[in-house]
Amino acid sequence: MPGPTTYFDPSDAHELDPATRSLFERRTKVMGSAYRLFYQDPVQLVRGQGTKVYDVNGVEYLDAYNNVPSVGHAHPRVAAAMAKQAGLLTTHTRYLSEPIVSYAEQLLATLPPAVDNVMFTCTGSEANDLALRVAKYATGNTGVIVTGNAYHGVTTEIAAISPSLGGMDSLADWVRVVRCPGTEVDFAEAVEAAISEMEAFGIRPAALIVDTIFASDGVFPDVAGLARAAASVRAAGGLFIADEVQPGFGRLGTGMWGFDRYAITPDIVTVGKPMGNGQPIAAMMARHELVDEFNRHSRYFNTFGGSSVSIAAAQATLDVLRDEGLIDNARTVGAYLLDALRGMGRFTEVRGQGLFIGAGLESEEVAVAVVNALRERRVLLSASGPLNDSLKIRPPLPFSITDADRLLTELDAVLP
Ligand SMILES: Cc1ncc(COP(=O)(O)O)c(C=O)c1O
């Protein structure tokens, strides 16, 4: 079975309790074999509230993992806004509508002024796909540079720039990979070498795209040389795309966006996951000159991208983020957790910023054992990194000091 072993192994189905096994078998029969489930003993969730989720037997779990319900599971303001809009109208961007324009204005106001257009999609994959199309039209180039274990999504074009999905063999011939941050290699030098190597094959760079928290590379909040790498790509005629699908919307506690920490103004920014607190909405934001160039080649429409209910969810999510001070909470609780995790002295390394933390263990086997043991103790998280040996801690943003203490207590009980 390809992929990290924090996933349930279907050959262990005989060990499941009869109800779980029956649902798993029904699911596999109709949904096929390509999906994965978390944990050796999969969890059947039926509801959530804030930082907690509840299984089919009413058992409560602390959610230390899910970044999509970012302002908290089943937030009443988001749910009410969606219900209200669903009862009024659900339509798309071929009609004039004030709420989508107002939301676009507020969203763009959180970005550097140069990034002044937003185009809505349903998923982060689509946002990145659109970003590459825009970059290729705008630069006239085709090359794309990515990090060693990057994940940017699932469309054919984006799977072809995502080494963590199908390995190096699945990448397109116009893609160049630079080593993961955290290795000995200087990031800017690696990008510059990739540009030269690409040019030796007659390919010029359209873009360097990075997840600005380097989540699938193992969580790296401060990568020296990122700004120089972006400048080098621009000097070679390409663009810098900040994939904010993971760190965006305040998770790092230092502002809205991961790239803010580097004092870089990206040419293109893509967002998704937490944007609608669970409603599928994502976006690509870019300088208007880039969008104008795209428009000379192609019109744009996405049936559900920016539909009325999605915009209502996104607006309510943005309102809650601001009104409940969740970025400050991410900073405060994140710092508390980072200190405490480092103080435990039981990780090889603890990296992170705000409520996005990677905690390294000796091996994948240990990480997988810890993840499964925590699940048994009703705490949900997962593992990440090229070797899958780091715990990935990335809870909903209302995660409190009490939640952090519960996570730390349970970790203390299961860590080797
Ligand atoms: C950094 C990054 N970019 C893009 C995506 C793709 O987003 P989606 O699953 O909404 O298509 C993901 C999803 O995990 C991601 O982590």
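Modeller: Val30, Met31 and Tyr35 form a nonpolar surface patch of about 350 Å². Bear in mind that the model is predicted.

Biologist: What makes Val30, Met31 and Tyr35 a nonpolar patch?

Modeller: Val, Met and Tyr are on the list of nonpolar side chains for patches, and such side chains are joined within 5 Å. Patch residues also need over 30% relative accessible area. Tyr35 has 52%.

Biologist: Why is Tyr35 called exposed?

Modeller: Exposed means over 50%. Tyr35 has 52% relative accessibility, so Tyr35 counts as exposed. Tyr35 sits in the loop between helix H1 (18–31) and strand S1 (45–49).

Biologist: Tyr39 is in the loop between H1 and S1. Why is Tyr39 called buried?

Modeller: The limit for buried is under 20%. Tyr39 has a relative accessible area of 4%, so the label is buried. Its phi is positive, about 80 degrees, although Tyr39 is not a glycine.

Biologist: What is the phi of Phe214, and where does Phe214 lie?

Modeller: Phi of Phe214 is near 50 degrees, positive in a residue other than glycine. Phe214 lies in the loop between strand S7 (205–211) and helix H8 (226–235). At 1% relative accessibility, Phe214 falls under the 20% limit and therefore counts as buried.

Biologist: Now the ligand. Which residues surround it?

Modeller: The shell is Thr123, Gly124, Ser125, Asn128, Tyr151, His152, Gly153, Asp211, Asp243, Val245, Gln246 and Lys273. Helix H4 (residues 124–139) gives the largest share, 3 residues. By class the shell holds 2 nonpolar, 7 polar and 3 charged residues.

Biologist: Asn128 is in the ligand shell. Which side chain makes a polar contact with the side chain of Asn128?

Modeller: That of Thr270, at 2.8 Å. Thr270 is in strand S9 (residues 268–271). Its relative accessible area is 0%, so Thr270 is buried.

Biologist: How do you know that Ser298 is buried?

Modeller: Its relative accessibility is 16%, and buried means under 20%, so the label holds. Ser298 lies in the loop between helix H9 (288–297) and helix H10 (308–323). A polar contact of 3.3 Å joins the side chains of Ser298 and Arg133.

Biologist: On to charges. How many salt bridges does the structure hold?

Modeller: The structure holds 21. Side chains of opposite charge can pair when their charged atoms come close.

Biologist: Why is the pair of Asp403 and Lys52 called a salt bridge?

Modeller: The limit is 4 Å from a Lys or Arg side-chain nitrogen to an Asp or Glu carboxyl oxygen. Asp403 and Lys52 meet at 3.2 Å, N to O, so they qualify. Asp403 is in helix H13 (residues 401–414) and Lys52 in strand S2 (residues 52–55), so the pair ties together parts 351 residues apart in sequence. Both Asp403 and Lys52 are buried.

Biologist: Lys136 and Glu157 form a salt bridge. Which parts does that pair tie together?

Modeller: Lys136 lies in helix H4 and Glu157 in helix H5 (residues 156–159), 21 residues apart in sequence. Their closest N and O atoms are 2.9 Å apart. Lys136, at 18%, is buried. Glu157, at 27%, is partly exposed.

Biologist: Asp412 forms a salt bridge with Arg346. Why are Asp412 and Arg346 called partly exposed?

Modeller: Asp412 has 44% relative accessibility and Arg346 has 24%.

Biologist: Which residues are linked in a network of salt bridges?

Modeller: Arg77, Asp319, Arg322 and Asp323 are linked in such a network.

Definitions and conventions: Residues numbered from 1 in each chain as written. Predicted model: local features only at pLDDT ≥ 70, side-chain atom pairs only at ≥ 80, totals over all residues. Heavy atoms only, no water. Patch = residues over 30% accessible without salt bridge, like charges linked within 9 Å, V, L, I, M, F, W, Y side chains within 5 Å. Areas by Shrake-Rupley, 256 points an atom, 1.4 Å probe, with all protein chains shown as cover. Helix = DSSP H or I, 4+ residues; strand = E, 2+ residues; numbered from the N terminus. Buried < 20%, exposed > 50% of the residue type's maximum accessible area, 1.4 Å probe, protein only. Near = heavy atom within 4 Å. Nonpolar A, V, L, I, M, F, W, Y, C, P; charged D, E, K, R; others polar. Polar contact = N/O pair within 3.5 Å; in protein donor to acceptor, adjacent residues only side chain to side chain.
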